Amino acid sequence: MRILIPLFIVMFVMAGFYWWYTKKMADMQPGDSERSLPGARLTSERLRSMPHPPWRVVFEIGEKSLGNIDHVVIGPCGPIAIETIMADRPSLEAVEAQSNAAQVMANAAITRGELDDVTSAVGVPCKLLAKVYWGTPVPDRPAGIAVTEGLVAVEGQRLEQWLMMLPPGSLGAAQVDQVWQAVLTGIGRPDPLA
């Protein structure tokens, strides 16, 4: 009888530990919004160093507003949807080996679709989604790799460098402000220019 009581206690403690461990592992799954928050904050801090003008940024957009888009960067080249991913950026070889480039392009267009609806209202469509990867930096590779038309994989540590290297577009400062205003009011934030 004396042996049974400690045995039951050990079994109870092990069952409790197993329950806690499985719950903790489920909370760490990649699609979890709690896990993506630190990456969005890293991206936000990197984007805060962008000079404005000519750049405007809409920071930390919730999933209910624009889906997986964490931030929107508006500059002379137009609006850029930013999605943050806490993983290593895929290599150029892995990107080129993708079997269905048309599906990848379609998924990128779907991801930026709600933003495109908002920005097209002022005559400036969103044509680029940048997936920002906060994994291990690889300095000997380019800061951004074009995955397909309309989608770029960017190393988070060099996000500002990639943005500054984009070819200049035709948007002037007034148009940048107009798109910025449209995005902010389109996601339910107060009008910054009112």
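View 1. Threonine 84 has a relative accessible area of 9%, so it counts as buried (buried is under 20% relative accessible area, exposed over 50% and partly exposed in between, using a 1.4 Å probe and protein chains only). Leaving aside residues up to four places away in sequence, threonine 84 touches Gly39, Ala40, Thr43, Asp70, His71, Val132 and Trp134 (contact means heavy atoms within 4.5 Å).

This is a predicted model, where local features need pLDDT of at least 70, side-chain atom pairs count only at pLDDT 80 or more, and totals for chains, interfaces and linings use all residues. Residues are numbered from 1 along each chain as its sequence is written, and side-chain values use heavy atoms, with hydrogens and water left out.

**View 2. Helix H6 crossing helix H8.** The axes of H6 (residues 113–120) and H8 (residues 173–186) come within 9 Å and cross at roughly 125° (axes are lines fitted to C-alpha atoms, for helices over the stretch in contact, and angles run from 0 to 180 degrees between N-to-C directions). H6 and H8 are therefore oblique to each other (under 35 degrees is roughly parallel, over 145 roughly antiparallel, 65 to 115 roughly perpendicular, and the rest oblique). Here Leu115, Val118 and Thr119 of H6 meet Val179, Ala182, Val183 and Gly186 of H8.

View 3. Most peptide bonds are trans. The one from histidine 52 to proline 53 is cis, though, with omega near -5°. Proline 53 and proline 54 are also joined by a cis peptide bond, with omega about 15°. Where do you find proline 53? Look in the loop between helix H2 (33–47) and strand E1 (56–58); proline 54 lies in the loop between H2 and E1 too.

**View 4. Glutamate 60 and its positive phi.** Glutamate 60 has a phi near 40°, a positive value in a residue other than glycine. You'll find glutamate 60 in the loop between E1 and helix H3 (63–66). Its relative accessibility is 28%, so glutamate 60 counts as partly exposed.

Definitions and conventions. Helix = DSSP H or I, 4+ residues; strand = E, 2+ residues; numbered from the N terminus.
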